[in-house]
There are 2 protein chains.
Amino acid sequence: MTIEEYLVEKATMIENALEQALPGVSEEPSAVHEAMRYSCLGGGKRLRAILAMAACRAVGGQEKDALGFALALEMIHAYSLVHDDLPAMDDDDYRRGKLTSHKVYGEGMAVLVGDALLTQAMEQMAKLPELYAITLPTAFRLLLAVTKASGTKGMIGGQVLDLQYAGQDVDKQVLETIHRKKTGALFQVALTGGAMIGGAKNDELAALIRYAENFGLAFQITDDILDVIGDAETLGKATGADQKQHKATYPGLYGLEESQAMAARCVEESRKSLKYLSGDTWALDQLALFVQNRDR
Amino acid sequence: MTIEEYLVEKATMIENALEQALPGVSEEPSAVHEAMRYSCLGGGKRLRAILAMAACRAVGGQEKDALGFALALEMIHAYSLVHDDLPAMDDDDYRRGKLTSHKVYGEGMAVLVGDALLTQAMEQMAKLPELYAITLPTAFRLLLAVTKASGTKGMIGGQVLDLQYAGQDVDKQVLETIHRKKTGALFQVALTGGAMIGGAKNDELAALIRYAENFGLAFQITDDILDVIGDAETLGKATGADQKQHKATYPGLYGLEESQAMAARCVEESRKSLKYLSGDTWALDQLALFVQNRDR
């Protein structure tokens with residue numbers, strides 16, 4: 001199996017499971033359920049969910065054991081995008097090739113849709129013991145890790161910095177801090193959380209944190225590169241947005257060539273940390289390479 | 001002790017505990033922590049927290065055992081107000097006598113502040129076993145109950161309906177549905193959650209659900225009445241807002257006198273349900289009377 005086939009297979013499986021886990025449009029109030037499904041289904045690489053499942057396997061667990069947790073991560077990711085796209089934030093009209101939530105349902109509803117997806121993610125966390133056979137102590141470790149990673153010390157903190165520095169010149173250190181929090185924290189908890197479910201030992205968790213840091217940085221650098229050289233149709237969103245919004249980017253601060261070299265070094269570092277894991281690391285290894293070479 | 005003295009004592013205690021539980025302004029990113037504290041501290045009746053603690057006592061538990069859970073409820077309530085006040089929602093400039101979050105920190109930040117308070121509430125839920133000696137099974141029951149009560153079948157669902165019916169004529173049934181979800185669901189989980197911590201039996205939980213339904217309705221009716229006849233300074237917010245926004249209210253649909261009679265009947269019903277509880281119900285009894293007679 002190639003990594004592309006693997007990604008398609010897993011994304012399809014996660015999509016189907018999300019279909020089931022989200023409230024249906026036949027349930028009242030249907031308007032918000034429809035809008036939640038609009039923003040959470042039908043697209044996305046499902047990287048966070050796949051990382052969680054791959055990490056579970058990489059420490060000797062079974063991928064499917066991390067599925068319930070993986071769905072919660074995708075809901076959190078989706079909520080953050082809905083709020084991030086709002087006019088008061090990044091003011092984006094398109095996401096994954098579709099109109100953003102506030103363009104379709106209005107701003108007030110988009111605020112509520114984000115709130116609802118975050119709340120649904122936490123309900124999903126609450127269901128892990130009963131529906132996904134996660135032990136209570138592990139489920140609580142996961143809940144604490146997820147809330148920390150998505151809170152002000154993690155993802156929200158990154159968005160706050162992003163907002164504060166919008167339109168300003170930022171140095172390399174600030175840029176890295178923003179990304180480490182804004183996207184890196186959720187990647188990291190996907191990996192460590194999936195590994196906890198798989199019964200990881202402490203040195204395995206430490207190795208996955210190193211993997212996560214390098215993977216996250218490589219992901220962000222290539223994200224910035226794609227905004228410069230990518231194809232809008234393949235990406236499903238407008239390119240050149242960073243420059244238009246005067247956002248600090250890796251190509252902007254380091255140049256395109258050095259950015260590509262940085263991404264390559266990060267990918268190598270992340271791959272190296274996999275040797276400390278006791279399970280099947282094929283997917284994590286291939287995912288690191290994929291992130292460097294992706295076109296979307 | 002009078003109920004007024006009780007309320008002041010408990011609100012002070014809850015305020016101090018919230019001070020400790022929220023991230024400090026010395027922690028980075030300080031801007032969002034300052035804004036979270038601005039909206040979550042320094043005001044409010046702390047009714048949800050007090051209901052949780054009083055319900056714990058009313059089934060034979062100790063009030064302080066429900067404190068950690070009570071703080072999470074106040075964070076959820078605070079987040080919902082921050083988002084509800086946004087220009088895309090109710091567009092309110094004042095809350096509890098202070099400028100609303102988006103008036104002070106801007107709209108983008110207010111979206112993030114609400115997200116952060118909700119996430120902090122869930123982190124608080126995750127800390128209940130370790131910091132507040134709640135058993136893991138009870139903590140999970142609480143988490144599931146809280147996420148359901150604050151999600152699309154509860155609080156958020158009520159806000160969605162509120163948004164959908166804004167500016168429209170609504171009938172009595174729709175009005176009651178909106179309020180039952182928008183404010184009633186969180187009152188109910190405060191009471192049943194506090195009672196779970198106190199070791200409530202099933203018939204006690206059922207009695208508290210009846211108490212909650214009547215208490216919530218009485219609360220909303222008096223809220224609407226205060227918007228008509230209340231004093232803006234005492235309330236800490238502008239009166240007449242409902243009429244200005246063409247919102248359906250109990251006085252609008254039933255008239256002032258019948259609304260007052262309805263509130264009184266609800267209070268009587270809620271007090272009656274207390275006889276099924278095994279603990280000290282003084283506070284819950286007095287709280288029901290207080291809600292009817294409050295001036296803020």
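Trainee: What makes Arg57(B) one of the contacts of Gly279(B)?

Mentor: Two residues are in contact if their C-beta atoms, placed from the backbone, lie within 7 Å. Leaving aside neighbours within four places in sequence, Gly279(B) has as its contacts Arg57(B), Ala58(B), Val59(B), Gly60(B), Gly61(B) and Gly198(B). The model is predicted, with local features requiring pLDDT of at least 70 and side-chain atom pairs pLDDT 80 or more, while totals for chains, interfaces and linings use all residues. Residues are numbered from 1 along each chain as written, and chains are lettered from A and ligands numbered from 1 in the order written.

Trainee: Why is Gly279(B) called buried?

Mentor: Gly279(B) has 21 C-beta neighbours inside 10 Å; the term buried requires 20 or more (exposed is 12 or fewer, partly exposed in between), so Gly279(B) counts as buried. Gly279(B) lies in the loop between α14 (256-272) and α15 (282-293) of chain B, helices being DSSP runs of H or I with at least four residues.

Trainee: Which helix of chain B gives the most to the side that touches chain A?

Mentor: In total, 40 residues of chain B are in contact with 40 of chain A. Helices α2 (30-40), α6 (107-132), α7 (136-150) and α8 (155-164) of chain B each supply at least two residues of that side, and α6(B) gives the most, with 14 residues.

Trainee: How are α9 and α10 of chain A placed relative to each other?

Mentor: The axes of α9 (residues 172-197) and α10 (residues 202-229) of chain A come within 8 Å and cross at roughly 145°, on a scale from 0 to 180 degrees between N-to-C directions of lines fitted to C-alpha atoms over the stretch in contact. Among the residues making this contact are Phe187(A) of α9(A) and Phe215(A) of α10(A).
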